[in-house]
Amino acid sequence: MKKLVLLCILFAFYQAYSQQRYQQAEQSYQEAFTHYKKGELGLARALIDESIQFRETPESKYLSGLIFEKGHKPLRAVSEYEATVALNPDFREAVFKKALIYLQFGNPEQAVKDLSSLLNTASDFHETTTIMFQIDESGGNQNRLMTTNMMESQLYSYRAQAYQKLGADEQALNDYNKAIELDQTPDYYIGRGLLHAGKKQYVLARHDFNRAIALDSTNHLAWYNLATIDDDVRLPPSLLLGAEFAPTLGLLASREMEKGNYQSARNYLDKALKINPDDDLSLINRGRTKIKMNQHASARSDFNQALRINPQRFESLYLIGNTYFFEKNFKNALAYYDQYLSVDGTNGMIWYNAAMCHFELKGEQDACHYLERADHFGMVQASAMIREHCN
């Protein structure tokens, strides 16, 4: 009888202990969730780890993955999502999240498997009860939720991207077509357009990029990709001051440079730099344009500014040298060429330009040495100069 009473007491104690751990796990989980939504990831991490210690659940492992992902630790996040699915194979939000990470970080085969499993079971469920499908985890749509049924077109689009990375273009095209049948969005047309462009089907690609623009006339990705295949693209003036259009402006400027339309290229780059004055690449390109327009002092100012913004922009050094060379200031040109060659001694063209400076400065012995280096690094003109001046 005493043994039976003791067993009852122990069982009651165990039940109370288990209930306490359950409550502590739930409380820590809810607090972790609150801190996660506020972006307080350190507190969220400590609390979710505490919750998992008390009681490991699919929900707690999933939230742990979200915290890792928001903290820019995708590989640790995917491990937690895998653990979530191991605990609950029907936890579709975790399947979706890990599929996107696999797609982004080089495992498109697994992404296809995960996305296919979601598509194959899309009709089996209707509502999500977790926090995955927020439209904007950090913004004004914090509480809007989606189900994977509502996301069917997106699932096809993501799987198309995965197939594309695998080189399975026909499967990718089929999925983009299905996505567009379900929901016509600019992103789907851009994705399919890029697939067509990669296969050199430029008429089809142009059609898709134009369809994306028809749906959203301010879509910078659509304009940018259209510009890559259509030399005659002209952006509407109203769009040119949007920050997202800076890369497109750079592309259009390069096109104008290739055509010899230097003032037009300069105009595009002026607009890009108005958007972002600290864009060192745009400064470099505008300086190159100014050299073509014989505006050497102004070009030099751009190169110096690019170098101040990004000291690793070593090409600024020889470009500054070029501005002095064209002004026939060979001493200063040589100084900048030498600075560049101390960083990159394999550029035959710069060795050759420096040799020309030495010739102008009456330093024939040094000039011949520089020509030999230019010849060694593939500057064809150097051989003729060596035969003429150095033997």
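View 1. At a relative accessibility of 12%, His296 counts as buried (buried means under 20% relative accessible area, exposed over 50%, and partly exposed in between, with a 1.4 Å probe and protein chains only). His296 belongs to helix H15, residues 296–309 (helices are DSSP runs of H or I with at least four residues, numbered from the N terminus). Not counting residues up to four places away in sequence, His296 touches Ile291, Thr323, Phe326 and Glu327 (contact means heavy atoms within 4.5 Å). The model is predicted, so local features need pLDDT of at least 70 and side-chain atom pairs count only at pLDDT 80 or more, while totals for chains, interfaces and linings use all residues. Residues are numbered from 1 along each chain as its sequence is written, and side-chain values use heavy atoms, with hydrogens and water left out.

**View 2. Leu119 and its contacts.** Leu119 is found in helix H6, residues 108–120, and is buried, with a relative accessible area of 12%. Leaving aside neighbours within four places in sequence, Leu119 is in contact with Glu152, Leu155, Tyr156 and Arg159. The C-alpha atoms of Leu119 and Leu155 are 7.0 Å apart in space, although the two residues are 36 apart in sequence.

**View 3. The aromatic pair Phe96 and Tyr158.** Rings of Phe, Tyr and Trp (its six-membered ring) pair if their centres lie within 6.5 Å; planes under 30 degrees apart count as stacked, over 60 as edge-to-face and the rest as tilted. By this rule the count comes to eight aromatic pairs. The rings of Phe96 and Tyr158 have centres 6.0 Å apart and planes at 65 degrees, so this pair is edge-to-face. Phe96 lies in helix H5 (residues 92–104) and Tyr158 in helix H7 (residues 152–165), so the pair ties together parts that are 62 residues apart in sequence. Phe96 is buried at 2% relative accessibility, whereas Tyr158 is partly exposed at 24%.

**View 4. The aromatic pair Tyr324 and Tyr336.** With ring centres 5.9 Å apart and planes at 25 degrees, Tyr324 and Tyr336 are stacked. Tyr324 lies in helix H16 (residues 315–326) and Tyr336 in helix H17 (residues 330–343), so the pair ties together parts that are 12 residues apart in sequence. Tyr324 counts as buried, at 15% relative accessibility.

**View 5. Charges over aromatic rings.** Arg45 lies over the face of Phe68, at 3.7 Å from the ring centre (a charge sits over a ring if NZ of Lys or CZ of Arg is within 6 Å of the ring centre and within 35 degrees of the ring normal). Lys70 lies over the face of Tyr36, at 4.7 Å from the ring centre.

How values were computed
Helix = DSSP H or I, 4+ residues; strand = E, 2+ residues; numbered from the N terminus.
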